[in-house]
Amino acid sequence: MNSFIQALAQKAVELDPSFLTGRPTDIQQQQSWSRKIDIGDFSILAIGEQSHGTHEFFKARISLIRLLVKQQPVTKIGLEAPMAEVENLNTYLLSDSGDLKMILKSFQLYSYECEEFVDLVETVKIINAQHGKKISFFGFDFQSPYQVLNNLKRYGKNHELAQTVDALVSDYTQLNAYVSQHAISPDDFRSLDSLSQLVIKPLETNAKSSRIKDGFLEKNLIQYQQFLSLNDPEKNRADVQVMSQMRDSLMAQNVLREYSSGQKMILLAHNAHVQKTADAYSRTMGQFLLQAIGAMQYRCIGLTTSRGFFTAYNPQQQKITATNSVIPPHSDAFEFYFSKIAKPIFFLPTSGMTALNPDSGPDKYRLLPYGVPKNQFIRGNLLQAFDYIIHIENTTGNKSFYLH
């Protein structure tokens, strides 16, 4: 494998530690980032992460956003978060109203409730103010029913529809643990679906008969129908692979609804969603986007690490902790060889690298979804999965609000 390590070392561009501060201290540092990180042109650029709870991944994303918005006319940043809830984040971003921590709490995704994501939001706000930009966020996920039902309730023209929405919210609240695990029983789902149709059908009729198309109503109807589809036991069959592919295909559709020709957008999601190849579970959002707009328009960056810690819910301690170990890789994993080139932080364009990976070489890479998995590595080829990789040798857990 010496030739493989040498090829990596030659192509990997070492980055200055300032890249992990989230902001350059001077113009020279910013120019250094620009010289070393060449993404080229894109329409949609996805920036992944190996875990949802790594401090350095957030900081690297902030640095990339700062760099890219100076080079490209980026107008939107997509988040792996529920569409309806993210609209409230935009209200804070663009009009400076609302409580940011309470908005993030409504996502019901602890990975966003941390100091680093607050810093990312505030950075985008500063960019908008300083450079006259109007970058906004949008959500392309749909795993929460609460805010979307609250939004649909506004359109009810009678008291009965409002009561039905309240009944649905009450039922979902009681079943919240099952909702978050996509484990609603067939009987409970039939009851929820029957109530839901009493809300969806009249609002669909209103949307079609309206002289003025209401994009907000349409978006919320789509999100809620996607939520129902993902949780329908007849459709998901309690099969992780079926649910995974369904979710990724629908997330890709949501991204494409936000996309228009000539526009530039950045997506922030887990590596497993943005990569261009299938992961351990199914086809990915990245594959669907690649198929829809082509390799020259869709680009993706994978963020990887070899050792350290990450923040996640630890079932043994029954709480969120920042000291979950990033297990050092063995020789069958790509991260093992990333460590061998002795560059603590590097940027790696993967073009032309695939042929340098012999059959006897690494065939695994790290995947850290929500929680603390027993096995941190899955089979696959990182060089095929991403257009670029930013590797950070040592990482730490993010500063979750739930650690205090």
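Select Thr54 and look beyond its neighbours within four places in sequence: Thr54 is in contact with Phe310, Thr395, Thr396 and Asn398, where contact means heavy atoms within 4.5 Å. Before you go on, note that this is a predicted model, in which local features need pLDDT of at least 70 and side-chain atom pairs count only at pLDDT 80 or more, while totals for chains, interfaces and linings use all residues. Residues are numbered from 1 along each chain as its sequence is written, and side-chain values use heavy atoms, with hydrogens and water left out.

Stay on Thr54 for a moment. The loop that holds Thr54 runs between strand S2 (44-47) and helix H3 (55-71); helices (H or I, at least four residues) and strands (E, at least two) are DSSP runs, numbered from the N terminus. Is Thr54 buried or exposed? With a relative accessible area of 1%, Thr54 is buried; the cut-offs are under 20% for buried and over 50% for exposed, with partly exposed in between (1.4 Å probe, protein chains only).

Next, select strand S11, residues 388-395. Of its 8 residues, 7 are buried.

- Strand S6 (residues 298-314) runs parallel to S11, joined by 7 bridges; show Leu303, which stands opposite Ile390 in S11.
- Strand S8 (residues 345-349) runs antiparallel to S11, with 5 bridges; here Phe346 has His391 in S11 as its bridge partner.

Now move to the largest pocket. A pocket is an open set of points on a 1 Å grid over the protein atoms alone, where a 1.4 Å probe fits, with protein on both sides within 12 Å along at least five of seven lines; lining residues have an atom within 4 Å of a point. Its volume is about 1300 Å³, taken as the space filled by probe spheres set on the points, which are joined across faces, edges and corners. Select Gln143, Ser180, His182, Arg247 and Tyr370, which lie nearest the centre among the 35 lining residues. Strand S3 (74-82) and helices H9 (176-180), H13 (240-258) and H14 (271-274) each give two or more residues to this lining, and H13 gives the most, with 5.

Last stop: the cysteines. Select Cys114, which is buried at 0% relative accessibility, then Cys300, also buried with a relative accessible area of 0%. How many disulfides are there? The count is 0, with a disulfide taken as a pair of cysteine sulfur atoms within 2.5 Å.

Technical notes
Two strands pair if DSSP finds at least two bridges between them.
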